[in-house]
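Dear colleague,

I am passing on the structure below, and my notes on it follow directly after. Please read them alongside the sequence.

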Amino acid sequence: MRGVEERPAGLVYQPDLIDEDEERQLLAVLTALELRDVRMHGQVARRTVRHFGFDYDYGSFQLTATDALPPGMEWVRQRCAQLAGVECDLLAQTLVTRYPPGGVIGWHRDAPAFGPTVVGLSLGSACVMRFQRRRGQERRVYELPLAPRSAYVLGGAARSTWQHSIPAVTELRYSVTFRMIRPSAHPPVSATVPPDDEGVQ
Ligand SMILES: O=C(O)CCC(=O)C(=O)O
Ligand SMILES: [Fe+2]
């Protein structure tokens, strides 16, 4: 990546948040889930997803209440909340994403309707998470390898200022992302402010 390297403030990386047995147990839950397509800008992404707590419509940017987190995933929400230093209940939305080989997520910041802290757990295989921000004419960049069983926290500027993306994965990867819902974004008020994505694929 071209640019001046800078580690985003507010980015936390935790290797081995879960152990191999826990990963196997969680993958058994994740692989049994019915996942949905992601349609953005008239295109269907290669990655597939499932939301719990609140559903996010990628076309209208609306949040609506949906299925509760499966009981077999509560412990991992607890673990991620602990890592982020937030109350478990505040991580009201869970996003499960399945990346087949070649699956990506393009440059974006998560929608503003999601609160100030995002926690993500990686399973199955490693990938790289890329970060970028503009500083005047200059581009600041950072690359964070994400090992399976590791977790990251996006807080502070890493959440609010920096964009992130994941280039094509080489092996099947799952991620579980926990996010808050800003009080003003709770239904019936919709999350109408779109993310500043640049063609999230
Ligand atoms: O797969 C990941 O860990 C990142 C997912 C992500 O950035 C998102 O869904 O907004
Ligand atoms: Fe994201």
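A residue is taken to be near a molecule if one of its heavy atoms lies within 4 Å of it. In this predicted model, the residues around ligand 1 are Leu95, Tyr99, Ile105, His108, Asp110, Tyr152, His164, Ile166, Arg173, Ser175 and Arg179.

Residues are numbered from 1 along each chain as its sequence is written, and chains are lettered from A and ligands numbered from 1 in the order in which they are written. Because the model is predicted, local features need pLDDT of at least 70 and side-chain atom pairs count only at pLDDT 80 or more, while totals for chains, interfaces and linings use all residues, and side-chain values use heavy atoms, with hydrogens and water left out.

The iron ion (ligand 2) is coordinated by His108 (NE2), Asp110 (OD) and His164 (NE2) at 2.1 to 2.2 Å, where donors are N, O and S atoms within 2.8 Å of the metal (3.2 Å for Na, K and Ca), and the site may look incomplete since water is not among the atoms. In sequence these donor residues are spaced H-x1-D-x53-H. His108 counts as buried because its relative accessibility is 8%, and His164 likewise at 7% (buried means under 20% relative accessible area, with a 1.4 Å probe and protein chains only).

As for polar contacts (pairs of N or O atoms within 3.5 Å), an oxygen atom of ligand 1 is 2.7 Å from an N or O atom in the side chain of Tyr152, and a polar side-chain atom of Ser175 lies 2.8 Å from an oxygen atom of ligand 1.

Conventions. Buried means under 20% relative accessible area, exposed over 50%, partly exposed in between (1.4 Å probe, protein chains only). A polar contact is a pair of N or O atoms within 3.5 Å; within protein, one must be able to donate a hydrogen and the other to accept it, and residues adjacent in sequence count only if both atoms are side-chain atoms.
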